[in-house]
Structure formats: C-alpha cells, structure tokens
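Please read it alongside the coordinates.

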Amino acid sequence: MKKDKKISLLKECADSKKIARVYSNYDSNYYYFYPNEVSDKYLLAQEENDFQLDGFHIRKISQIAKVEIKDDLCSEINVWNGVVNQIHNPNIDISSWHSIFTALQNMNRFIIIEDEINEQFAIGRIMKVCRHHLVFDHFDADGIWQEEPLKIPYSSITHLSWNTRYADNWEGFLAGRTQ
C-alpha cells in the first residue's frame with residue numbers, strides 16, 4: 001500500500017474515531033488502533049483490544065504495510081460501551097523521535113521501547129534524549145533495575161508505548177516496593 005493511502009486512511013479514522021486495522025511489514029499480526037495523530041513519519045494511536053483501550057502507541061509509517069478501516073459490530077459495541085468517548089490526544093509533537101522522547105521524558109512515566117525485528121524489548125524511564133539515540137534506564141523481568149543504561153538508536157525502534165496496563169502495573173508495583 002502506498003504511503004499516501006496509508007496516511008489518508010489513518011487520518012480518516014482519526015477524524016471519525018474509527019478503528020484502523022494496522023499491519024506491519026515485519027509481522028504477520030495486525031493491531032487495532034484508534035489513531036490520534038498522523039504525520040508523514042509516525043502514527044500516534046490508542047490500541048483497542050477486546051473492547052478496551054490500552055495505552056498510547058507510536059509506530060513508523062514506513063513500517064506499516066497496510067491499513068484498513070474496521071467498521072463492524074465491534075466498532076458499534078465500542079460506541080455502546082463508551083470506549084470511543086475515552087479516546088483523547090496526548091498532544092505530543094510526532095515530527096521526530098527527538099520531539100517524541102522529549103515530551104515523554106517530561107511526563108516521567110514508564111515507557112516500553114521495542115525493536116520487533118530483532119526481538120528487543122525494554123521497559124523503564126528515559127534518562128537522556130540525544131540527537132540520534134536515547135539513553136534509557138531499564139529493569140529486567142524480575143523488576144531489578146540494571147546498572148548500565150541502554151543506548152537505543154532511534155533507527156532500531158519499531159514500537160513505542162506508554163500508559164499501557166503492562167507499563168502502568170510495573171510502575172505502580174515498583175513504586176510501592178520502594179516505599
């Protein structure tokens with residue numbers, strides 16, 4: 001699918017609060033998103049899963065293979081359940097990774113950064129936003145903060161998320177454990 005068509009469909013979904021079925025070019029799975037903001041480079045959206053929103057997500061337009069508008073009974077149920085009323089834009093400048101991460105650093109929330117092509121996953125907080133990479137404080141699957149921060153090149157990022165149930169539960173648990 002051509003870039004202009006992907007962007008057009010994503011913007012149509014954002015304007016009409018419809019679900020977009022988004023396929024990536026490196027994964028056979030698709031995801032359901034309510035787009036919030038679309039630029040030439042990035043999609044900022046809220047993920048829909050089983051009639052619930054689950055955080056904010058950013059994906060590269062160049063890594064989206066195909067977009068379809070999902071207009072079916074599930075969409076109607078989301079309206080009926082009030083899910084559509086929960087859609088809101090976090091007002092993040094999505095013109096570059098630098099602007100995105102600067103905004104997220106100011107929020108001081110746990111974020112998830114993924115390189116799904118190489119199966120890399122990191123959860124934690126932003127330490128420093130640089131021109132071409134991010135310095136990231138992260139913890140392992142046992143909730144142990146690692147001594148060495150990660151240096152994550154922007155070019156390796158395929159997926160970024162925050163305010164997800166997963167990240168929020170870790171953030172709450174680790175905050176409670178240190179008190």
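1. Helix α3 is followed by N108, whose phi is positive, near 55 degrees. Elements here are DSSP runs numbered from the N terminus: helices are H or I of at least four residues, strands are E of at least two.

2. On provenance, this is a predicted model, in which local features need pLDDT of at least 70 and side-chain atom pairs count only at pLDDT 80 or more, while totals for chains, interfaces and linings use all residues. Residues are numbered from 1 along each chain as its sequence is written, and side-chain values use heavy atoms, with hydrogens and water left out.

3. Which residues of α3 are buried? They are W97, S99, I100, F101 and L104, where buried means under 20% relative accessible area, exposed over 50%, and partly exposed in between, with a 1.4 Å probe and protein chains only. The cover over these buried residues includes β3 (42-49), β4, β6, β7, β8 (133-138) and β10 (159-162); contact is taken as heavy atoms within 4.5 Å. An α-helix has 3.6 residues a turn, so residues three or four places apart point the same way.

4. I58 sits in strand β4 and is buried, with a relative accessible area of 0%. Leaving aside neighbours within four places in sequence, the contacts of I58 include W97 and I100, along with Y42, L43, L44, T158, H159, L160 and W162. L44 is 14 residues from I58 in sequence, yet the C-alpha to C-alpha separation is 4.6 Å.

5. Nine salt bridges are found in a search of the whole structure, a salt bridge being a side-chain nitrogen of Lys or Arg within 4 Å of a carboxyl oxygen of Asp or Glu. One of them joins E116 and R59, with the closest N and O atoms 2.9 Å apart. Because E116 lies in the loop between β6 and β7 and R59 in strand β4 (residues 52-60), this pair ties together parts that are 57 residues apart in sequence. R59 is buried, at a relative accessible area of 5%.

6. A second salt bridge to check is R109 with D168, where the closest N and O atoms are 2.7 Å apart. R109 is in the loop between α3 (97-107) and β6, and D168 is in helix α4 (residues 165-177), so parts 59 residues apart in sequence are tied together. R109 is partly exposed, with a relative accessible area of 27%, and D168 is partly exposed at 29%.

7. R125 is in strand β7 and E171 in helix α4, 46 residues apart, and the pair links distant parts of the chain. R125 counts as partly exposed at 26% relative accessibility, whereas E171 counts as buried at 12%. R109, R125, D168 and E171 are linked in a network of salt bridges.

8. How many disulfides does the structure hold? The count is zero, with a disulfide defined as a pair of cysteine sulfur atoms within 2.5 Å. For C13, the nearest cysteine sulfur is that of C74, 15 Å away. C13 is buried, with a relative accessible area of 0%, and C130 is buried at 13%.

9. One cavity of 30 Å³ or more turns up in the whole structure, and the largest cavity has a volume of about 50 Å³. On a 1 Å grid over the protein atoms alone, a cavity is a set of points where a 1.4 Å probe fits but cannot get out; a pocket is an open set with protein on both sides within 12 Å along at least five of seven lines; lining residues have an atom within 4 Å of a point. Grid points are joined across faces, edges and corners, and a volume is the space filled by probe spheres set on the points.

10. The lining of the largest cavity includes R59, K60, V22, Y23, S24 and T158. β1 (19-24) and β4 are the elements giving two or more residues to that lining, and β1 gives the most, with three residues.

11. The largest pocket holds about 170 Å³ of space. Its lining residues include I113, E114, D115, Q120, F121, A122, L150, K151 and I152, and the elements giving two or more residues are β6 (111-115), β7 (120-129) and β9 (150-153).
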